[in-house]
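User: I'd like to go through the charged side chains in this one. Can we take it question by question?

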Amino acid sequence: MTISVGDFVRSFDFPYSRDLEGPRSCYIEGRVVDFKDVEGCKRYVIEVNRQVVAGKDREAWPRKVYPPVNGTRKLFGGVCDGVELIQGEQS
């Protein structure tokens, strides 16, 4: 599924866990506001409005994060896919 500017997304911190609750849940949620090349890698620019670390909501979080666009090749094989579209959760 294609992610575009204006979409509300969840970006997971670690490739081995997509838990939404519990001690392994680590992610941010926010809106894609742009795309940007960083060190030769196309990235999402996400304005963050929620961060969960080890299953707990953080009170302070980074204003923006820049995860690689899904489909970007990883250095040691495979592709990035840590950002998912959240449908119907926020308008």
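User: Is E29 buried or exposed, going by its relative accessibility?

Analyst: Quick background: this is a predicted model, where local features need pLDDT of at least 70, side-chain atom pairs count only at pLDDT 80 or more, and totals for chains, interfaces and linings use all residues. Residues are numbered from 1 along each chain as its sequence is written, and side-chain values use heavy atoms, with hydrogens and water left out. On the scale used here, buried means under 20% relative accessible area, exposed over 50%, and partly exposed in between (1.4 Å probe, protein chains only). E29 comes out at 6% relative accessibility, so the label is buried.

User: Which residue forms a salt bridge with E29?

Analyst: A salt bridge here is a side-chain nitrogen of Lys or Arg within 4 Å of a carboxyl oxygen of Asp or Glu. For E29, the closest N and O atoms of the pair are 3.4 Å apart, and the partner is R50.

User: How many residues apart in sequence are the parts that E29 and R50 tie together?

Analyst: Strands are DSSP runs of E, at least two residues, and helices are runs of H or I, at least four, numbered from the N terminus. E29 lies in strand β2 (residues 27-38) and R50 in strand β3 (residues 41-53), so the pair links parts whose separation in sequence is 21 residues.

User: Which residues do salt bridges with shared partners join into one network?

Analyst: The search of the whole structure finds six salt bridges. Those that share partners give one network, made of R10, R18, E29, R50, D57, D81 and E84.

User: How far apart are the closest N and O atoms of R10 and E84?

Analyst: R10 counts as buried at 7% relative accessibility, while E84 is partly exposed at 25%. They form a salt bridge, with the closest N and O atoms at 2.9 Å.

User: Where do R10 and E84 lie, and how many residues apart in sequence are the parts they tie together?

Analyst: R10 is in strand β1 (residues 8-12) and E84 in strand β6 (residues 83-85). The pair therefore ties together parts with a sequence separation of 74 residues.

User: Which residues does K64 touch, leaving out those up to four places away in sequence?

Analyst: K64 sits in strand β5 (residues 64-65) and is partly exposed, with a relative accessible area of 28%. Counting contact as heavy atoms within 4.5 Å, K64 touches V45, I46, E47 and V48.
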